Amino acid sequence: MASLTRVLLPTFSQFPHHSSTSTCTKIYTISSTTRRRFSVFSMSESNRTTVLVTGAGGRTGQIVYKKLKERSTEYIARGLVRTEESKEKIGGEDDVFIGGRPEFYFEEGSNPEQVDWEGQKNQIDAAKAAGVKQIVLVGSMGGTNINHPLNSLGNGNILVWKRKAEQYLADSGLPYTIIRAGGLQDKEGGVRELLIGKDDELLETETKTIARPDVAEVCIQALQFEEAKFKAFDLASKPEGSGTPTKDFKALFSQVNTRF
């Protein structure tokens, strides 16, 4: 069954105001249980960066939010969820806002083109208008294969429209990092060697999955290194116990030589 998350962002005026001298960086996070997407909003205050994780109530989004909270000397975490229940699930603090209405199905009359292309395009346009400095987007591998099984779900071509939105972001002029994650696993992070690929070549191997905490960590690390900007890549990992756990993220991003 198709499972889509559609996030309607609240107006920027709903979020805490910062001084006019602060630098605005944003990461949107749009996640779906079939295939995921992330983006983040952040503003610099003194030596810390405020980061808004949209979809913070999702299984991967909440890991990003919690990791940011644990690094309070570097980041001021903000979360955007769709319900009071989701807010309570991640702690219910005042830095979690309720807004947007993700849908885990296609409403009657809607389709992947509207949700995964038009919805994403609108958010990218809004982010650009708001002075965004960087967008980190988490999508999915499989977008190069028109015959991928996911394209037969939800009225068809889900990955095709997601890929089109990614291309729009790459062409937007905004600094971006597009992470196309492999199959997400609810396992411990930080104990595997991460693998970078392109054009779905990792799907042809035995290493095509990745732990959610590792995806979350790569999202945050992408904010720290210039080597992560203007790049798109597939992401998976070796099995635990095989290879050396990845610690040098600058080196990881340096492996990427493709903009899309």
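Where does serine 172 lie? In the loop between H4 and strand E7 (176–181). This is a predicted model, with local features needing pLDDT of at least 70, side-chain atom pairs counted only at pLDDT 80 or more, and totals for chains, interfaces and linings using all residues. Residues are numbered from 1 along each chain as its sequence is written, and side-chain values use heavy atoms, leaving out hydrogens and water.

View 1. Serine 172 is buried, at 9% relative accessible area (buried is under 20%, with a 1.4 Å probe and protein chains only). Its side chain reaches the backbone nitrogen of leucine 174 at 3.2 Å. Skipping residues up to four places away in sequence, serine 172 touches Ile124 and Lys128 (contact is heavy atoms within 4.5 Å).

**View 2. Helix H4 and its buried side.** H4 (residues 158–170) has 13 residues and reaches 19 Å from first C-alpha to last, close to the 18 Å expected at 1.5 Å a residue. Among its buried residues are Ile158, Leu159, Lys162 and Arg163.

**View 3. Isoleucine 179 in the largest nonpolar core.** This core has 19 residues, and Ile179, Val218, Phe233 and Leu235 touch the most other members (a core joins buried Ala, Val, Leu, Ile, Met, Phe, Trp, Tyr and Cys through side-chain atoms within 4.5 Å). Leaving aside neighbours within four places in sequence, the contacts of isoleucine 179 include Val136, Val138 and Cys219. A second, separate core of 13 residues includes Val64, Tyr75, Ala77 and Ala216.

Key
Helix = DSSP H or I, 4+ residues; strand = E, 2+ residues; numbered from the N terminus. Expected span 1.5 Å × (residues − 1). Buried < 20%, exposed > 50% of the residue type's maximum accessible area, 1.4 Å probe, protein only. Polar contact = N/O pair within 3.5 Å; in protein donor to acceptor, adjacent residues only side chain to side chain.
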